[in-house]
Amino acid sequence: MHLIQVDSVQRWMEDLKLMTDCECMCILQSKPISIEKDEQNELILSSQYSTCDNLQLLLKRAWIISTELTRIAQKLEKNRWQRVHSMTVRVNCHVHSMVNEYNTFTRSSSEEMHQLEKLLIDKCSEFTAFTERCLQTEDEEILKSMKSCVNETLTTVAQYFGQLIELVLTQEAQNLLRQIELSGSLYVVESAISSLFSLAQEGAHLCRIIAKEGGVLALFKICRQDCFRCLYPQTLRTLASICCVEEGMHQLEKVDGILCLADILTDTSHSEATHAEAAAVIAQITSPHLTFTQHLSSFLENMEEIVTALVKLCQEASSGEVFLLASAALANITFFDTMACEILLQLNAMKILLAACSDKRIVDTPYSRDQVVTILANMSVLDQCASEIIQGNGVQLLMEMLFEKCSSGSPAEAAACERVQQKSAVTLARLSRDPEVAEAAVKLSCIPRLIKLCRSPTERNNSDSVLVACLAALRRLAVMSPDGLEDSDFQQLVKPRLVDSFLLCTNMEESFV
């Protein structure tokens with residue numbers, strides 16, 4: 001009897017989900033739970049668990065609406081009126097759901113928000129009615145004249161929708177930043193930073209909104225308060241995300257962020273996790289792929305301190321991830337300013353990096369080797385670098401890197417392996433101007449390996465950049481040791497112009513049948 005009762009209850013619960021009146025639920029969910037003013041700081045935590053999930057739900061709904069609007073425009077172009085109308089009805093439903101969902105979890109909406117919601121809902125209803133009238137008309141001329149009006153309405157709906165989403169996201173960013181700045185509760189601040197990080201992961205546009213609303217300033221304030229030390233890693237990780245956009249970089253410069261990062265990196269009382277995340281921010285703001293790093297004048301003032309701390313972090317790294325972040329920051333800095341290479345040479349960084357590469361627990365991926373060989377390639381322009389490479393058995397390492405292979409099959413790892421091969425060949429080419437390095441490379445059979453990479457596209461994953469680097473290295477070594485090449489290799493890979501050898505190697509596996 002007991003089993004029958006349980007089964008009946010379960011079935012009733014399952015049926016109830018499908019029978020619930022949606023409108024009633026919206027009204028019930030909209031009713032606020034009264035909160036006493038004194039208890040607000042305590043009870044605010046209950047909503048923090050779902051803030052991130054609610055925002056994710058909102059963003060998913062927004063993405064669906066945006067996609068549907070694009071598809072409506074495509075169907076309208078083809079005069080598929082039946083599809084246009086059904087999709088318009090669907091958009092109308094999604095917009096209503098999105099507005100209801102947002103109003104159930106938001107604490108307060110501005111008057112501007114309510115006005116935009118009303119404008120969007122009214123315009124969606126008008127849009128649906130309009131497309132329904134088009135569906136009932138068969139006259140081609142009338143439909144043609146109505147099409148431009150439908151297009152105008154669609155544009156207006158998209159415009160109102162874009163403005164509403166922008167306003168919603170701005171308001172949510174403001175709410176989170178207000179919690180970070182005003183709350184003294186460790187838990188509230190941690191939860192708000194976590195939600196802010198999730199927002200920043202949604203793309204550059206959201207990072208711009210956060211930066212514009214003062215996100216960088218608020219986060220650096222946390223990094224300057226000892227009472228929030230346990231939140232430094234999480235805070236720095238969020239900063240690294242926001243600083244991928246120009247607005248974030250400008251804000252970082254304005255609030256003396258570089259000085260704060262230098263202080264964190266040089267303070268030995270901080271945890272390794274904090275140092276690693278600070279290194280990640282440095283790696284982000286010095287990325288050679290960014291076009292807006294020139295204004296970081298304060299970086300040059302603190303560069304020696306930062307580079308010294310990063311080299312130490314590489315030397316003492318307890319894991320591959322920590323080494324990767326520290327070495328990535330160093331690699332980017334060597335692009336950022338040439339003086340960095342001289343500082344690295346003075347700090348015996350070459351010896352430290354070469355030693356780390358022999359520890360498979362620390363340098364355990366092509367991504368880490370990519371950072372190391374980038375530093376070596378940029379340092380190899382200095383004449384003093386050759387003796388350091390010889391002493392640290394660096395030529396052997398460069399030779400091993402020419403054999404880098406992708407083990408997982410992932411495109412990202414394959415690209416990293418190509419970069420390792422290319423940069424190791426570039427480093428060999430640069431260093432082989434020193435007879436001692438060239439002699440060591442020849443003894444280690446670098447020439448046969450370079451020839452194999454030139455002649456076999458599969459060995460270099462069909463990469464043209466690897467081919468060019470290998471041809472350059474081969475030509476440099478051939479000058480130092482012409483006896484190491486067979487006549488056919490010399491005639492095809494060394495004697496012709498570089499471009500002719502390149503074309504010959506890229507066409508090797510083509511079939512003209």
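Contact here means heavy atoms within 4.5 Å. Keep that in mind, and start with threonine 128. Threonine 128 sits in helix α6, residues 111-135. Setting aside neighbours within four places in sequence, threonine 128 is in contact with His85, Thr88, Val89 and Asn92. Is threonine 128 buried or exposed? Its relative accessibility is 12%, so threonine 128 counts as buried. Buried means under 20% relative accessible area, exposed over 50%, and partly exposed in between, with a 1.4 Å probe and protein chains only.

A word on the source. This is a predicted model: local features need pLDDT of at least 70, side-chain atom pairs count only at pLDDT 80 or more, and totals for chains, interfaces and linings use all residues. Residues are numbered from 1 along each chain as its sequence is written, and side-chain values use heavy atoms, leaving out hydrogens and water.

How confident is the predictor? pLDDT is its confidence in each residue, from 0 to 100. The chain's mean pLDDT is 84, and 88% of its residues reach 70 or more. Where pLDDT is low, the predicted coordinates should not be read in detail.

Next, serine 424. Its place is in helix α22, residues 411-431. Helices, by the way, are DSSP runs of H or I, at least four residues, numbered from the N terminus. Serine 424 counts as buried because its relative accessibility is 0%. Beyond four places in sequence, serine 424 is in contact with Val373, Leu398, Met401 and Leu402. Leucine 376 is 48 residues from serine 424 in sequence, and 8.3 Å away, C-alpha to C-alpha.

Now a helix pair. The axes of α11 (232-242) and α14 (272-285) come within 8 Å and cross at roughly 10°. Axes are lines fitted to C-alpha atoms, for helices over the stretch in contact, with angles from 0 to 180 degrees between N-to-C directions. So α11 and α14 are roughly parallel, a label for angles under 35 degrees. Residues in this contact include Tyr232 and Leu236 of α11, and Ala273 and Val281 of α14.

Last, α26, residues 487-494. Which of its residues are buried? Asp489, Leu493 and Val494. They cover an arc of only 75° around the axis, which puts them on the same side of α26. That arc is taken from the directions from the helix axis to the C-beta atoms. The buried residues of α26 pack against α24, α25 and α27.

Terms used: Helices (H or I, at least four residues) and strands (E, at least two) are DSSP runs, numbered from the N terminus. Angles under 35 degrees count as roughly parallel, over 145 as roughly antiparallel, 65 to 115 as roughly perpendicular and the rest as oblique. pLDDT is the predictor's confidence in each residue, from 0 to 100.
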